[in-house]
Amino acid sequence: MRSANDLELVAVSKSYGTALAVDRVSHLFRAGSYVCLLGPSGCGKSSTLRMIAGHESVTEGAIILGGKDVAHLPPAQRGTAMMFQSYALFPHLNVRDNVAFSLKMKGIGKAERHAQADKLLELVGMTSFADRLPAQLSGGQQQRAALARALITKPQVLLLDEPLSALDPFLRIHMRTELKKLQRELGITFIHVTHGQDEALALADEIVVMNNAVIEQSGPAREVFNAPKTAFVARFIGGHNVLSLPEGRFAVRADEVRLVVHGTPAIVTAIEYQGAHVAMTGRIAGDQDVLALIPESVFFADPKTLGDTVTLAWDETRAHRLQG
Ligand code: ADP
Ligand code: MG
């Protein structure tokens with residue numbers, strides 16, 4: 001059942017000439033949820049997001065928001081707002097005027113639009129930067145200004161296209177915490193496009209995995225991680241081995257592969273120190289590589305080197321059968 005502020009895509013397609021970028025995608029985005037659209041470059045994530053925002057025309061299908069099809073409405077009339085990858089702030093306007101810009105377009109007077117802009121700048125912790133130009137801000141500050149600018153239209157759905165990709169790794173983790181907090185405070189739907197599985201796992205109530213113009217799997221973050229349906233999802237979400245066994249193809253979590261005395265023989269082909277874990281790859285019969293994430297204290301109690309023969313094991317009941 002769809003409720004009033006849910007966003008529903010109904011068989012939405014996008015063609016660029018003869019190329020099909022989005023192929024009859026249907027999905028219900030629950031109001032107030034944090035959804036990550038996850039997939040490799042070129043799979044159709046940005047096209048999907050831009051069609052929801054109204055920055056790209058819909059070739060076929062319907063986009064239902066607030067109980068009506070908004071697919072042919074201009075962006076400002078949909079109840080959505082988009083934050084772009086490059087932030088797209090106006091370089092000649094200070095932060096306050098950037099944030100207030102859409103209100104100016106609507107003919108709202110200066111005092112009122114500045115008051116509203118200041119409220120949002122406070123929300124994103126940017127009050128003391130209101131008079132600066134974008135060039136006088138750090139990447140993280142520009143992003144907050146862009147967020148405030150998108151939110152001033154009071155959208156029901158905020159669309160974010162790779163919002164963290166321009167930030168350094170430390171700031172990226174800091175800002176993703178802030179995005180999540182902001183989404184909880186506002187209670188609106190966030191649809192966040194990313195190609196980073198760690199980002200999706202950290203943020204999403206729901207992960208929608210796209211591949212080759214279609215949705216391959218969607219569900220709560222833990223469900224997608226623990227029960228990937230296909231080899232593609234298992235590989236893309238990471239942390240899994242995809243093994244072809246006589247009974248079919250299975251996903252086995254790398255952190256559930258152990259070094260044991262009796263098990264499957266393997267030749268060590270790679271060792272990578274990762275801090276908490278050592279990522280050790282062993283080649284088993286049939287030239288299949290098995291990745292084992294060994295707790296560092298366990299590994300260094302009896303270290304292995306390249307070319308060693310080891311024995312690996314995993315709990316059969318935790319091997320998860322894949323479709324296709
Ligand atoms: P993603 O965001 O997942 O990387 P996109 O939605 O940007 O994917 O692109 C999906 C496919 O559509 C790609 O093959 C891309 O080259 C193509 N595409 C995207 N935008 C255009 C465009 N404006 N004109 C032609 N082809 C495009
Ligand atoms: Mg993209």
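**Note on the predicted model**

1. The chain has 9 helices and 17 strands, where helices (H or I, at least four residues) and strands (E, at least two) are DSSP runs numbered from the N terminus. This is a predicted model, in which local features need pLDDT of at least 70 and side-chain atom pairs count only at pLDDT 80 or more, while totals for chains, interfaces and linings use all residues. Residues are numbered from 1 along each chain as its sequence is written, chains are lettered from A and ligands numbered from 1 in the order in which they are written, and side-chain values use heavy atoms, with hydrogens and water left out.

2. Overall dimensions and burial. Taken along the principal axes, the C-alpha atoms of the chain fill a box of roughly 75 × 45 × 35 Å. Of the 324 residues in the chain, 48% are buried. Buried means under 20% relative accessible area, exposed over 50%, and partly exposed in between (1.4 Å probe, protein chains only).

3. Surroundings of ligand 1. Tyr 16, Ala 21, Pro 40, Ser 41, Gly 42, Cys 43, Gly 44, Lys 45, Ser 46, Ser 47 and Arg 50 surround ligand 1; a residue is near a molecule or strand if one of its heavy atoms lies within 4 Å of it. Helix H1 (residues 45-53) supplies the largest share of this shell, 4 residues. Sorted by class, the shell has 4 nonpolar, 5 polar and 2 charged residues. In this scheme Ala, Val, Leu, Ile, Met, Phe, Trp, Tyr, Cys and Pro count as nonpolar, Asp, Glu, Lys and Arg as charged, and the others, Gly among them, as polar.

4. Polar contacts of ligand 1. A polar contact is a pair of N or O atoms within 3.5 Å; within protein, one must be able to donate a hydrogen and the other to accept it, and residues adjacent in sequence count only if both atoms are side-chain atoms. An N or O atom in the side chain of Ser 46 is 2.8 Å from an oxygen atom of the ligand. A polar backbone atom of Gly 44 lies 3.1 Å from an oxygen atom of ligand 1. For Tyr 16, a polar side-chain atom is 3.4 Å from a nitrogen atom of ligand 1. On its own, ligand 1 has 560 Å² of accessible area, of which the protein covers 56%. Accessible areas come from the Shrake-Rupley method with a 1.4 Å probe; for residues, only the protein chains shown count as cover.

5. Helix H4 (residues 139-151). H4 has 13 residues and spans 18 Å from its first C-alpha to its last, close to the 18 Å expected at 1.5 Å a residue. The expected span is 1.5 Å times one less than the number of residues in the helix. Because 11 of its 13 residues are buried, H4 is largely enclosed by the rest of the structure. Among the buried residues are Gln 141, Gln 143, Arg 144 and Arg 149, along with Leu 147 and Leu 151.

6. Helix H5 (residues 169-186). The 18 residues of H5 reach 26 Å from first C-alpha to last, close to the expected 26 Å. Its buried residues are Met 175, Arg 176, Leu 179, Lys 180, Leu 182 and Gln 183. They lie on the same side of H5 because they cover an arc of only 160° around the axis, the arc being that of the directions from the helix axis to the C-beta atoms. An α-helix has 3.6 residues a turn, so residues three or four places apart point the same way. The face of H5 turned away from the buried side carries the exposed residues Phe 170, Thr 177, Lys 181 and Arg 184.

7. Positive phi values. Most residues other than glycine have a negative phi. Ala 11, in strand S1 (residues 7-16), has a positive phi near 50°; at 30% relative accessibility, Ala 11 counts as partly exposed. Asp 287, in the loop between strand S14 (277-284) and strand S15 (288-295), has a positive phi of about 55°. With 62% relative accessibility, Asp 287 counts as exposed.

8. His 192. This residue is in strand S8 (residues 189-194). His 192 is buried, with a relative accessible area of 0%. A polar contact of 2.9 Å joins its side chain to that of Tyr 34.

9. Pairs separated in sequence. Glu 296, in helix H9 (residues 296-301), is partly exposed at 31% relative accessibility. Gln 323 follows strand S17 (320-321) and is exposed at 52% relative accessibility. Gln 323 and Ala 231 are 7.5 Å apart, C-alpha to C-alpha, and 92 residues apart in sequence.
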